[in-house]
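Biologist: Before we talk about how the strands are arranged, could you put the model up and walk me through the pairing with care?

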Amino acid sequence: MALTVMFVSCGKKQAESQTTAGTESKPWVQSDAESEYRLIRAELNLAEAKKPYLVLNFPRKQVEFRLNGVLVWEFPMDLIETDESDLKGFSDDFLGSKQTLVRPILEKHLFGSKGLTPDSVLAIISEATRVNAELLQRELPSRFQLHWAGGLTIDVRTDVEGVPKSKLQNTIVDIKQAIARPLGREIIILRMPRESALTLYRATLPGLPTLIIPA
């Protein structure tokens, strides 16, 4: 199974390739060094918690899951209607004035879905992400959003032709986004294959810590 191969492959990668996008030599700048130090401290704290966490790795343009500082799942950001300035804006809003590197997911919203997920797939996801399989939803998502404080949103879309979960609730969420965007909040829109979207949706429960590696 492709998903199994993906997890096995990703699980062998080490943390040393994760924290920064590159290691090219560059002039020493104190503010950059301080930012790097804060990032390392933040990841160490997450690793010590012995629980999975989500990583928005903007330099690498990847969405990742890590556990104990080790990469266990990754997927490239295939952007839709989103450009580099949007990524920078999202990154700046996430950090805020206090340079916050870790925020929990507040909620997620499933716009539409189709069918059921086989228990065998849920078992793989559960093992890789350390999330109880009983807590995992079974619908294959066609579109869903992840929300953080301050209106920060990632919108994930797939090629699944799903059935709307709730047209009223979907409309309410769309209106909230329409109100938020003129105020400068960026929404990152990603396109994912259904298998990868399934993994991301199942594992991103509210409260999951999210580490940002800024753009």
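Modeller: Two strands count as paired if DSSP finds at least two bridges between them, and please keep in mind that this is a predicted model.

Biologist: Which residue in β6 stands opposite Lys108?

Modeller: Strand β5 covers residues 107-114, and seven bridges join β5 to β6 in an antiparallel arrangement. Within that pairing, the residue of β6 that stands opposite Lys108 is Leu146.

Biologist: Which residue in β8 stands opposite Ser113?

Modeller: Strand β5 also pairs with β8, residues 163-164, and here two bridges join the antiparallel strands. The residue of β8 that stands opposite Ser113 is Val163.

Biologist: How many of the residues of β5 are buried?

Modeller: Buried here means under 20% relative accessible area. Strand β5 is largely enclosed by the rest of the structure, because the number of its eight residues that are buried is six.

Biologist: In which sense, parallel or antiparallel, do β7 and β9 pair?

Modeller: Strand β7, residues 153-157, has four of its five residues buried. On β6 the relation is antiparallel, with five bridges and with Phe144 opposite Val156 of β7. Towards β9, residues 187-191, there are five bridges as well, and Asp155 has Ile189 as its bridge partner, but the sense of this pairing is parallel.

Biologist: Which residue in the hairpin of β6 and β7 takes a positive phi?

Modeller: The hairpin has five residues between its strands, and the phi in question is near 80°. The residue that takes this positive phi is Gly150.

Terms used:
Residues are numbered from 1 along each chain as its sequence is written. This is a predicted model: local features need pLDDT of at least 70, side-chain atom pairs count only at pLDDT 80 or more; totals for chains, interfaces and linings use all residues. Side-chain values use heavy atoms; hydrogens and water are left out. Buried means under 20% relative accessible area, exposed over 50%, partly exposed in between (1.4 Å probe, protein chains only).
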